[in-house]
Amino acid sequence: MNLDLSMLGIMCVTTLYFLLPAYLSNSGGLIFGGGMPVDFGKSDSNGVRWIGDGVTLRGLIGGTLLGTLVGAIQGYFGPELISMFGEYIVTPIAVGVLNGVVIGFLLGFGALVGDALGSFLKRRLGIGRGKPAPILDQLDFLVVALLFASLVVKFSPEFIVIAIVLTLIIHLIANTGAYLLGIKDVWY
């Protein structure tokens, strides 16, 4: 595919729009979190927690519901967006409320499962909670969200590359901003 800068810009905007259920679900997991961890406090034979206290049932349910709601809203507005900008939209977009609910659920739930899998991998690698695991920390939620959504959506290689690059950039900007505002102790 031959990309000019305007087409690349449109692909970036529509990619971010499509991924909103995953991004907001991932944030919603933190907002709604607390309470019982998804691993129910269980540890492996070495005494290492399976996932840890940071991934909770309340966060999983609340974040998934938020992602599903966002997908439903996107699906509702999808036909109008297609009618107005269809010739420019080359990335996936939810069309219809039911389609939006399914995609929103898969992206939202997938993002939170990816976050939990990332925590699981970090524990197996001996990386403590809150300690950095470059690339894994930034992309675990996205990779699993896209895998789940790929059950109903076909993604182009360009879409996947743009999604990864934008997610890395957004993660860096958001965390650096939170650090500068004193919300986080580290910039990564």
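Predicted model: local features only at pLDDT ≥ 70, side-chain atom pairs only at ≥ 80, totals over all residues.
Helices are taken here as DSSP runs of H or I that span at least four residues, numbered from the N terminus. On that basis, Phe105 and Phe109 both belong to helix α3, and because they are four residues apart they are separated by about one helical turn.

The rings of Phe105 and Phe109 form a stacked aromatic pair, with 5.4 Å from centre to centre and 10 degrees between the planes. Phe105 counts as partly exposed, at 37% relative accessibility, and Phe109 likewise counts as partly exposed, at 26%. A search of the whole structure finds eight aromatic pairs. Among them is the pair of Trp50 and Phe120, whose ring centres lie 5.7 Å apart and whose planes meet at 5 degrees, so that this pair, too, is stacked. Here distant parts of the chain are linked, since Trp50 lies in the loop between α1 and α2 whereas Phe120 lies in helix α3, 70 residues apart. Trp50 has a relative accessibility of 34% and counts as partly exposed, and Phe120, at 26%, also counts as partly exposed.

A further aromatic grouping is the cluster formed by Phe18, Phe155 and Phe159. When residues up to four places away in sequence are not counted, Phe18 touches Gln74, Pro92, Ile93, Ile103, Leu107, Val153, Phe155 and Phe159. In soluble globular proteins, nonpolar side chains tend to be buried together.

The largest pocket has a volume of about 1300 Å³. Its lining comprises 39 residues, of which Asn26, Leu30, Asp115, His171 and Lys184 are the closest to the pocket centre. The elements that give two or more residues to this lining are α1 (5-32), α2 (57-85), α3 (97-124), α4 (136-149) and α5 (157-180). By class, the lining of the largest pocket is made up of 15 nonpolar, 14 polar and ten charged residues.

Technical notes. Residues numbered from 1 in each chain as written. Heavy atoms only, no water. 1 Å grid on protein atoms, 1.4 Å probe; cavity = no way out; pocket = protein on both sides within 12 Å on 5 of 7 lines; lining within 4 Å. Points joined across faces, edges and corners; volume = space filled by probe spheres on them. Nonpolar A, V, L, I, M, F, W, Y, C, P; charged D, E, K, R; others polar. Contact = heavy atoms within 4.5 Å. Phe/Tyr/Trp six-rings, centres within 6.5 Å; stacked < 30°, edge-to-face > 60°. Buried < 20%, exposed > 50% of the residue type's maximum accessible area, 1.4 Å probe, protein only.
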